[in-house]
Amino acid sequence: MPTLLPEDYNVAWIAPLEIEARAAIHMLDHKHSGHFPMSRGDEYVFEAGDIQGHNVIIATLPAGQPYGTGSAAALASQIKKFFPNLWFGLLVGVAAGLPDLGRKPPRDIRFGDVLVGLPDMDSSGLVAYDLGRETETDGLVLLRQGHILAQTEPVVRSAIGSIKLRSPNETELFLPYFEDMKNEEHSDGTFTDPGQENDRLYEVGDDGIECLMKRAQRPASKRTRVWYGSIGSGEKLMKNATKRNQLRDKHNLIGLEMEAAGTMNHIPVGVIRGVCDYADDHKNWDWQPYAAAMAAAYAKALLYKIPARSKPTSSVTSSMDRDSIPRGRRSTKRSPEPTGDNDEDTSRRKKPRGSEGSNRNSSSRSSNSFRGQGNQNVGSGSISIGGGQHFHQS
C-alpha cells in the first residue's frame, strides 16, 4: 500500500463521530489510497483525499472513545503535531439547535438546518459555557466570560462571509453536494431527510409543563436554512430544556455542541454544525445522518471558495488518477492516488451543478528535482550540485 506524506496535507477536517466522518468521506473529490507512517505515540488513523485542489485529512475519534472537549483536544493536538504544513481546520458535524420563537423576528431553527460559528460585535463565535470556577456567591463564573480567544483563520472567516452574502439563498451553493450523496448507505440507513412532519419542538412553560409548538412546514425550496452566530461548547450532553433556554438567553446562542472548546486552543477551526436535536429529553439519533450530511455539504462549499495553495515540494509515493486531470494540464509531480472502491471512491463523480470553483489549481504545475552529486543541464548551462544539496526548478 502506498505511503502518504503528512507534509502534503494542509487542511484538517475534524469529524468526531463516525456518522460525521462517513459524511465527510462522501464529500471528497478523490479519496487517496495509502496510509500515513506511524511511530510510537501516534494514536490516530487519518483518512485522506482532496477537495478543489486542497489535500484534506479527515480525523475522527477512535471507535468507542467518549466524545467531548477532552477527547477533541487530544485529537487536535496530534493533528497539529502530525501535519507540519497545516493551514486551517474545520470542525464539522452535528449539534443541538436552540430555536427562539419569542424573538422578533423568530429564530426558527429546525432539524437539518446548518449552524456556523461566527462572532459579531456583541459576542464571540464560540462560548465555553461550562469552563470556569464555582463560587458560593456567583455560582459558575465562566473563564473569560466563556469567550474563546483563539480565532478561526481569516481565510475561513472570509469564505464564510462570501457564502453569507448569498443569504438566505446560500443553500444553492451546497445543496447539490448533499443531493449527490444523500442515498449513500451507512450502517443504519442513508443520509436522506427524515421528513419535516417528524420535526417536533417542545417548549417548557413557567409551570414546568411541556407544550408541542405548532410550526408550519417550510416549502421545499426553503427546506434548509443557515444560521450564523455564537455556538456553545461544553463537556456534558445537554438534555434539559429549561437549562437550554437559560444558556441560549444568557449568551445569545444558536446551538450547543461538545468538541469545539477542546479543539480551538490547538487548531483554530471553523465550526460548522447540522441540527439533529433541541437539547432536551426528546433527543434521539434519527436526524444525525441528515444533519451531518448538511454540515458536510456546507463545508465542501466553503472549501470551493478558498483557492488551494501550491503543494509542498515532496515525493508522495502514489499517483493521481491521470484520467481526472485535464488534457494538457497533467503534472510530472506525483500526488496521492484515489481508491478504486466502488462504495467509497468519488474520483469519477462529476461536480454538481451549482457548485463554484474549478480544479484549475490542482496538478497544473510540473517540477523537476535533482539530488546527489554531479551536473545537471538546465537550459543552455549546467549547474554543479554538491553532496547533500538539492536543486529544484518549477
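Student: In this predicted model, how many bridges join strand β3 to β4, and in which sense do the two strands run?

Tutor: The model is a predicted one, and strand β3 covers residues 47-51, while β4 covers residues 54-59. Within this pair, G49 has V56 of β4 as its bridge partner. The two strands run antiparallel, and the number of bridges that join them is five.

Student: Which residue in the hairpin of β3 and β4 takes a positive phi?

Tutor: The hairpin of β3 and β4 has two residues between the strands.

Student: Which residue of β14 is the bridge partner of G117?

Tutor: Strand β14 spans residues 226-233, and eight of its eight residues are buried, so this strand too is largely enclosed by the rest of the structure. It pairs in the parallel sense with strand β6, residues 114-117, over four bridges. At G117, the bridge partner in β14 is G229.

Student: Which residue of β14 stands opposite A128?

Tutor: Strand β7, residues 126-128, runs parallel to β14, and three bridges join the two. Opposite A128, the residue of β14 is S233.

Student: What is the handedness of the β-α-β crossover from β14 to β15?

Tutor: Strands β14 and β15 (residues 253-257) run parallel and are joined by four bridges, with L256 of β15 as the bridge partner of G232. Between these strands the chain passes through helix α5, residues 241-251, and the crossover is right-handed.

Student: Which element gives the most to the lining of the second largest pocket?

Tutor: The second largest pocket holds about 380 Å³ of space, and among its 19 lining residues those nearest its centre are R103, R107, R225, W227 and Y228. By class, the lining divides into eight nonpolar, five polar and six charged residues. With five residues, the element that gives the most is β14.

Student: Which element supplies the largest share of the lining of the largest pocket?

Tutor: The largest pocket contains about 520 Å³ of space, and L17, E18, I19, D188 and Q288 lie nearest its centre among 19 lining residues. Two elements give two or more residues to this lining, α1 (18-26) and α7. The largest share, three residues, comes from α1.

Student: How many of the residues of α7 are buried?

Tutor: Helix α7, residues 288-305, reaches 26 Å from its first C-alpha to its last, which is close to the 26 Å expected at 1.5 Å a residue. The helix is mostly covered, and of its 18 residues the number buried is 17.

Notes
Residues numbered from 1 in each chain as written. Predicted model: local features only at pLDDT ≥ 70, side-chain atom pairs only at ≥ 80, totals over all residues. Heavy atoms only, no water. Expected span 1.5 Å × (residues − 1). Buried < 20%, exposed > 50% of the residue type's maximum accessible area, 1.4 Å probe, protein only. Pairing = 2+ DSSP bridges. Right-handed = clockwise from strand over helix to strand, strands pointing away. 1 Å grid on protein atoms, 1.4 Å probe; cavity = no way out; pocket = protein on both sides within 12 Å on 5 of 7 lines; lining within 4 Å. Points joined across faces, edges and corners; volume = space filled by probe spheres on them. Nonpolar A, V, L, I, M, F, W, Y, C, P; charged D, E, K, R; others polar.
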